[in-house]
Amino acid sequence: MTDAPDTTDSRIPERPTLDGLEEKWMQVWAQQGTYSFDREKALAAPREQVFAIDTPPPTASGSLHVGHVFSYTHTDCMARYKRMKGFEVFYPIGWDDNGLPTERRVQNYYGVRGDATLAYVDGYEPPFSEGVDAKGKAIKPADQQAISRKNFIELCDILTVKDEVTFESLFRRLGFSLDWDITYRTIDERSRAVAQQAFLRNLERGEAYQSEAPGLWDVTFQTAVAQAELEARDYPGAYHRVAFHQVGAGAGEAIHIETTRPELIPSVVALIAHPDDERYQALFGTTVTSPLFGVEVPVVAHRAAEMDKGAGIAMCCTFGDLTDVMWWRELQLPIRSIITRNGRLQGETPEWIAGGPGEALYAESLATKTTFSAREAVVAALRESGDLDGEPQKTQRKANFYEKGDKPLEIVTSRQWYIRNGGREESLRSKLVGMGDAVDFHPAFMRSRYKNWVEGLNGDWLISRQRFFGVPFPVWYPVTAEGETDYDHPIVAPEAALPVDPQVDAPLGYDEAQRGVPGGFVADPDIMDTWATSSLTPQIAAGWPVREGAPDGERLGSDEALFGSLFPYDMRPQGHDIIRTWLFATVTRSFFEHGVAPWRHAAISGWILDPDRKKMSKSKGNAETPEDVVKANGADAVRYWAASGRLGTDAAYDTGQMKVGRRLAIKVLNASKFALGFGDVSGDLRAAVTNPLDLSMLSALGEVVDKATQGFEGWDYTRSLEVTETFFWTFCDDYLELVKDRAYGGQGDEAAASARAALRLALETLLRLLAPFIPYATEEVWSWFGDGSVHRQTWPTRDELPSGGDPAVLPAVGAALAGVRKVKSEAKVGMRAEVRSMTLVAPAASVERIRAAEADLRASGRISELAYAEGESVEVRDAELVPVEKPPARA
C-alpha cells in the first residue's frame with residue numbers, strides 16, 4: 001500500500017455527498033461480483049483460509065424489522081473483515097418461507113384458508129389482495145374463503161416470492177456483502193430434498209420415530225406445537241375449591257382440591273399429593289370419587305406435587321397441562337382425553353362416564369362445547385350439587401401459548417413424528433450438551449442458555465405440523481384388506497426420488513388408483529415443522545447431500561467437494577431467543593448426521609428495545625420497519641447504529657445514534673477530499689514520512705490498527721469501531737488542522753512531502769478500518785484515488801506504517817492547539833485571529849513533545865511569539881490576540 005496512483009484530482013467530486021451512493025455502489029458491486037465466493041479458490045486453499053457463515057434465513061412473512069438490520073449488520077462486519085484478511089468468505093442467503101408464519105400471512109393477505117377436502121380450482125383468483133377486496137373493504141376472519149390444499153400452496157408460493165424480492169432489495173441497500181448467487185428457499189426443491197433425506201436417515205437410524213401420545217395443540221392454527229415454541233403468558237382465571245369424596249372407611253368425607261380448570265373434572269384420573277405431606281399420608285393407596293360424575297380414581301404420591309400451593313393436593317386430568325403429562329407418564333395412569341383438536345369437548349359421552357350419575361350432564365351440557373362454555377356449565381352444576389366450596393377466586397395464572405398464537409394451548413392425543421433430542425435419554429442429553437461445549441459462544445455466557453435448555457428438556461422434539469405449506473413427510477402407509485391404516489409398517493420414499501409429495505405421488509410399487517382403498521396406501525397427511533428444515537441450513541447452502549442412486553443431472557445442487565471443504569462452518573450468527581430452537585435443532589441434526597458440532601463459533605445478538613425497554617416484535621406491534629429508516633438516514637448511518645451495539649447485549653432503537661453515524665460518513669467524505677487536495681504523491685510513502693508530528697500520528701494509528709484487529713479477533717466489533725472512530729475524529733480535528741499549512745508547501749519541500757505521504761497512508765488505513773462499518777462512504781472515497789474496491793483490499797497492519805514515532809506527540813500538540821482555540825473563543829475572535837504572543841503552560845514531557853512540532857502549532861494557531869512554562873496541565877496564558885479585519889463591504 002506504499003505506491004499511489006499518479007493523479008486523483010479528476011476523480012474527486014466538487015461537492016461530495018452521501019446522496020446517490022447506495023444506488024451507485026449497489027449496482028457496481030453487483031456487476032463486478034465484488035462479494036462473490038470463489039468455489040475453485042476455496043477448494044484449492046487450506047481450510048483455515050476459508051470462512052463459512054451459516055447465515056440466518058429471515059422469515060418471509062410480510063416485512064423485516066430493525067432487529068434484522070441490527071443482527072445482520074454484525075454478521076456483515078465480520079464477513080467484510082475476514083474477506084479483507086484474505087479469507088475466501090462463503091456468505092450465502094436463504095429465505096425461510098414455509099410454515100405457520102407464511103400460512104398466517106397468506107390467510108390475512110388473500111382472505112383464504114386451506115381445506116384438504118376441497119378440489120383444486122384452475123386459475124383461482126382470491127377474494128382479497130393486501131388484506132382488502134376490490135372496493136377497499138378490510139378482511140375479517142369470517143370472510144376467509146376455503147380453498148383446496150393445492151390452491152392454498154400456490155398462493156403461499158406467490159406471496160413469499162413477492163416478499164423475498166422486497167427483502168433482497170433492502171438487504172442490498174444496507175450493503176450486506178452476501179453472495180447473491182448462493183441463495184435458497186426453505187420450500188424450494190433442493191431444500192425439500194435435503195429435509196426429506198435427513199429425516200429418512202434419522203428414521204433409519206432410529207433417531208426419528210412416530211408415536212400416539214399427548215401433545216401441545218394450537219386450536220387456532222390447528223396444529224401440534226413443539227416445546228421449543230412455547231411462550232408462557234399470564235392468563236386470567238379463577239381458583240375453584242372442589243370436593244372429591246372418599247371411598248371405603250371414610251366414605252363420603254370430602255377431599256378438597258383447587259383448580260383453575262373445573263371443565264376437566266370429567267377427565268380426572270387421579271388425585272396427587274407430595275409423599276411428605278402429612279395431611280394426605282392416610283389417603284395414599286385409597287380411592288375417591290369425582291364430583292358430578294362419580295368416577296373412582298386413586299390417590300397417589302409424587303414429588304412434583306406442591307405442598308404449599310392451594311390445598312396441596314391436585315387432580316391429574318389427561319390432559320390439562322404438562323405436569324399432567326409427566327404424572328401420566330411416570331405414574332402409568334390411564335388416558336381419559338375429552339378435548340378435541342378444535343378446542344371443544346368430544347361429542348360422544350366417554351365410556352368411563354356413561355352409565356354414571358354424570359352421563360346426562362355430559363350429554364346435555366358439555367358435549368361439543370368450548371372449554372369456556374363447558375367450564376361455566378360444570379361450575380353451575382358443582383354449585384347446585386354443593387361440591388363447590390365458596391365462590392371462585394380470580395387469579396392470573398401462567399398458561400402455555402404457541403409463540404405466534406392468541407389462545408392457550410390444549411393437550412390432545414394424536415399420532416405425531418418426533419426426533420430424539422435427549423429429552424428422555426440422559427446419555428443423548430449429555431452428548432448434546434457436549435456438542436455445545438465444542439462451540440465458542442460470543443459472548444461466552446450464552447453457552448449457559450444452551451446448556452440450561454438442553455438439560456431442562458422433558459420430551460423429544462415434535463416435528464409434525466398439521467398444515468399445508470411445508471416439507472411433507474416422505475412417507476405412506478399400507479391399507480389392509482380390511483381398510484385399516486397400518487401405521488406400524490410405513491412405506492418410505494427412496495433417496496433417489498426425493499423430493500416427493502405423498503399427497504400427489506404414489507409410493508414405489510403402487511399406482512394412484514390404489515390411494516385410499518383396501519390393499520392400497522394412504523399418504524402421511526402432515527408436514528415438517530419449519531425448524532426441521534431450517535436446522536439443515538448448513539447442509540442446504542453448501543451442497544449436502546450427494547443423492548446416492550440419482551443421475552448426475554438430478555443432484556439438485558449437490559456438491560460433495562464444496563460441503564467437505566466448508567463443514568463444519570466457522571460462524572453461526574443469530575438471536576439469543578432462538579438458541580433453544582434454531583441453534584439447538586441444528587446441533588442435534590449435525591450430531592446425528594455428521595457426529596460434530598455444525599460450526600466453530602456462535603455469534604449471539606441481543607434484542608432491539610422500544611422506548612419502554614420492551615423487545616421490538618412484529619407480533620407485539622411495536623417494531624419499526626427499516627425501509628423508511630434507511631431512506632431517512634442512509635445505510636451507513638443505520639449500520640453505524642447497529643455496529644455500536646455489542647453481541648449479546650440488548651440495544652435501544654436510537655435514531656439519534658444513526659444521526660451520529662451519518663455525520664461520521666459525511667465527515668469521511670469531506671475530510672478525505674481535504675486530505676487528498678494537497679497534490680499527488682508517489683514513490684515510497686513510508687520513507688517519505690520524516691516529520692515528528694507525522695510519525696507520531698502514524699504511530700498512534702498503528703496502535704489503533706492493532707486494537708481494531710484485536711476487537712474483530714475477539715468478536716468485539718464495537719470495540720473496533722470505537723477505537724477507529726475516536727482516532728478518526730482526532731485526525732480530523734487536530735492533525736488535519738496542524739498539518740495543512742505544511743502540506744501546501746512546494747513539491748520539493750521535504751516537510752510538505754512528509755505531510756502528504758502521512759496523509760495518504762493515514763487515509764488508506766482509516767478507510768480500510770472503517771470499511772466493514774460504513775461501506776458506502778469508504779468505497780466512494782477509495783474510488784477517488786485507489787484501484788479496485790476498498791472491500792477487496794487487505795486489512796491494514798502496523799507494519800505498513802512507518803515506525804519510530806512517538807505516539808504522544810500528536811495528543812500533546814493537539815492539547816496545545818485546543819488551548820489556543822479556547823482563548824480565541826473566550827475572546828470572541830475568529831479562529832484565524834493572530835496570536836501575537838502567548839505562554840504555553842504544560843508538563844515538562846509535553847513541552848518537549850510540543851517543541852518537536854512547534855512549527856505546525858504556530859502555523860495552525862497563527863502564533864507569532866511562543867514562550868513555554870512548566871505546569872501540571874496544558875493551558876495558554878498571557879495571549880495577545882490580533883483579530884482578523886473584516887474585508888470592506890461591497891459598494
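Colleague: In strand S13, which residue is the bridge partner of Leu-271?

Modeller: In this predicted model, Leu-271 has Val-299 as its bridge partner in S13. That bridge belongs to a pairing between S11 and S13 (residues 296–301), which is parallel and has 3 bridges.

Colleague: How many bridges join S11 to strand S14, and do they run parallel or antiparallel?

Modeller: S11 and S14 (residues 313–317) are antiparallel, with 5 bridges joining them. One place to look is Val-268, whose bridge partner in S14 is Cys-317.

Colleague: Thanks! Is strand S11 buried or exposed?

Modeller: Buried means under 20% relative accessible area. In S11 (residues 268–273), 6 of the 6 residues are buried, so the strand is largely enclosed by the rest of the structure.

Colleague: Now the cysteines. How many disulfides does a search of the whole structure find?

Modeller: The general idea is that a disulfide covalently links the sulfur atoms of two cysteines. Here, the search finds 0 of them. Take Cys-77: the closest cysteine sulfur is in Cys-732, 20 Å away, so the two are too far apart for a bond. Cys-77 is also buried, at 1% relative accessibility, and Cys-156 is buried at 0%.

Colleague: One last residue, then. Where is Gln-107, and what is it in contact with, leaving aside neighbours within four places in sequence?

Modeller: Gln-107 sits in helix H4 (residues 100–110). With a relative accessible area of 14%, Gln-107 counts as buried. Apart from those sequence neighbours, Gln-107 is in contact with Val-112, Arg-113, Ile-139, Gln-144, Phe-152 and Arg-467.

Notes. Residues numbered from 1 in each chain as written. Predicted model: local features only at pLDDT ≥ 70, side-chain atom pairs only at ≥ 80, totals over all residues. Heavy atoms only, no water. Helix = DSSP H or I, 4+ residues; strand = E, 2+ residues; numbered from the N terminus. Buried < 20%, exposed > 50% of the residue type's maximum accessible area, 1.4 Å probe, protein only. Contact = heavy atoms within 4.5 Å. Disulfide = S-S within 2.5 Å. Pairing = 2+ DSSP bridges.
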